[in-house]
There are 2 protein chains.
Amino acid sequence: MTARTTSETARDIPEATVARLPVYLRALTTLVEAGTQTCSSEDLAAAAGVNSAKLRKDLSYLGSYGTRGVGYDVDYLRYQIAREIGVTQDWPVVIVGIGNLGHALANYSGFRSRGFRVVALLDADPERHDEVVAGVDVRAFDDLEQIVADQGVAIGVIATPALAAQAVADRMVACGITSILNFAPAVLSVPDGVDVRKVDLSIELQILAYHEQRKAQSA
Amino acid sequence: MTARTTSETARDIPEATVARLPVYLRALTTLVEAGTQTCSSEDLAAAAGVNSAKLRKDLSYLGSYGTRGVGYDVDYLRYQIAREIGVTQDWPVVIVGIGNLGHALANYSGFRSRGFRVVALLDADPERHDEVVAGVDVRAFDDLEQIVADQGVAIGVIATPALAAQAVADRMVACGITSILNFAPAVLSVPDGVDVRKVDLSIELQILAYHEQRKAQSA
DNA sequence: AAGAGTTTGTGAACGCGAGAACAAAACGAG
DNA sequence: CTCGTTTTGTTCTCGCGTTCACAAACTCTT
């Protein structure tokens, strides 16, 4: 339930901050690779593209991991953020819909390197069941339940056409998936307790087009 | 310049509203295809997945296109939103970086159907210059300037690895592109007047992972 | 023509997030 | 040990976005 038991780790982090933590994590990884050991909030904020006051406030929700007058230990902070987000553990993920986008997602190396493991690729089209994409063979959508149960999958990715998306989501929810990343251009309705995040490529372009048009008008 | 001349169409629409207009547009298109002629704010809000008061306020920024006691004319409203966003005209777009994701983007039918025309696919790797993707042949990145000038391109899409992204962005800006959609996991710095929107697949998954972890902890 | 029933458009209250500014804490020099 | 310097963690204020609630406006029935 939503009963929050105010346990040790129960400070709840604002949604806006949660959305930025992965950005900080990536910036810190870059710093580690560059051999940096310590950085100030100013440095990290610049690398992440945000205001330094905002960065410090964000980090303060996690705890006091910096040292006044010195800054942050890059490695230590990186671990703390990774732990807070949950990417120190491995998350099994299923991808449904192996069209162009599904292919790209399956091959995306950024998932694996950040704690996500694609354990299954599913498609309703039997013609695709022969394929092997990124070392994982494409299986029938009907195998969903078994795979989710066997591998303990909690996160599903929908890369199907819009018309199929809701049905796929329903089936995912029914077999226990509680987080969905939706690439289909459709509004999904899911029960409480299930998180849905939507990525819509054409919406992003349309937002750009709006501003572009404004620029052209005022010129 | 940013000098706003308060012309006839100069009410500026809040950013949050702009981001939702494409969602409304899509919902309206669905309604049109279903043969609906009129809809209430309640109907449309449900189709778009938002609160009906928010929808009405959003629409009110565009003008008074509804009829009290009746609702909105679906076709008329759709046109008005499309015009406001700017998707009644055709936007030429270049995509740089034809890897997995670039392929998927080039093939994505949602662009074409929403007023975006992919006029060029560019890649730095000469081995890819033979390919033809989605009816457009892959060309050298060095052709960027000429293509942008010839076709009047204002919008660029970056689908390169992170390391190349900033250089590509700089070059885009230099030749006159003023809107960038960035899929590379990197923070871009661009001059004022250039809009950048970022889509980061692994960040979305990490946000889901955070919430997923919270659910697991409280259980 | 008048009243009942709908539905839009908007004024007002509220809550969240962003950023400025500052106090608290650590370090180093003398 | 003390003072000055640096940088964090936090408080405060402001503005934006969301939502409620209601008046204005339109239709339909009687």
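Start with both chains in view: chain B superposes on chain A by a rotation of 180° with 0.0 Å of shift along the axis, at an RMSD of 0.1 Å (least squares on the C-alpha atoms of residues with pLDDT of at least 70 in both copies). That is how two copies are related by a two-fold axis. To find the axis, select B:Ala104, whose C-alpha is the one in chain B nearest to it, at 3.3 Å.

A word on conventions: this is a predicted model, in which local features need pLDDT of at least 70 and side-chain atom pairs count only at pLDDT 80 or more, while totals for chains, interfaces and linings use all residues. Residues are numbered from 1 along each chain as its sequence is written, chains are lettered from A in the order in which they are written, and side-chain values use heavy atoms, with hydrogens and water left out.

Next, colour chain A by domain: residues 15-85 are domain 1 and residues 91-203 are domain 2, with bounds from an automatic or database domain assignment. Their C-alpha centres are 31 Å apart.

Now select the interface. Here 67 residues of chain B are in contact with 67 residues of chain A (heavy atoms within 4.5 Å). The two chains bury about 5800 Å² between them, 63% of it on carbon and sulfur atoms; this is the accessible area (1.4 Å probe) lost on being put together, summed over both.

Then look for charges. The rule finds six salt bridges across the interface (a side-chain nitrogen of Lys or Arg within 4 Å of a carboxyl oxygen of Asp or Glu). One pairs B:Asp195 with A:Lys215, with the closest N and O atoms 3.3 Å apart.

Finish on helix α9 of chain B, residues 201-218: this helix gives 16 residues, the largest share of the side of chain B that touches chain A (helices are DSSP runs of H or I, at least four residues, numbered from the N terminus).

Terms used:
Helix = DSSP H or I, 4+ residues; strand = E, 2+ residues; numbered from the N terminus.
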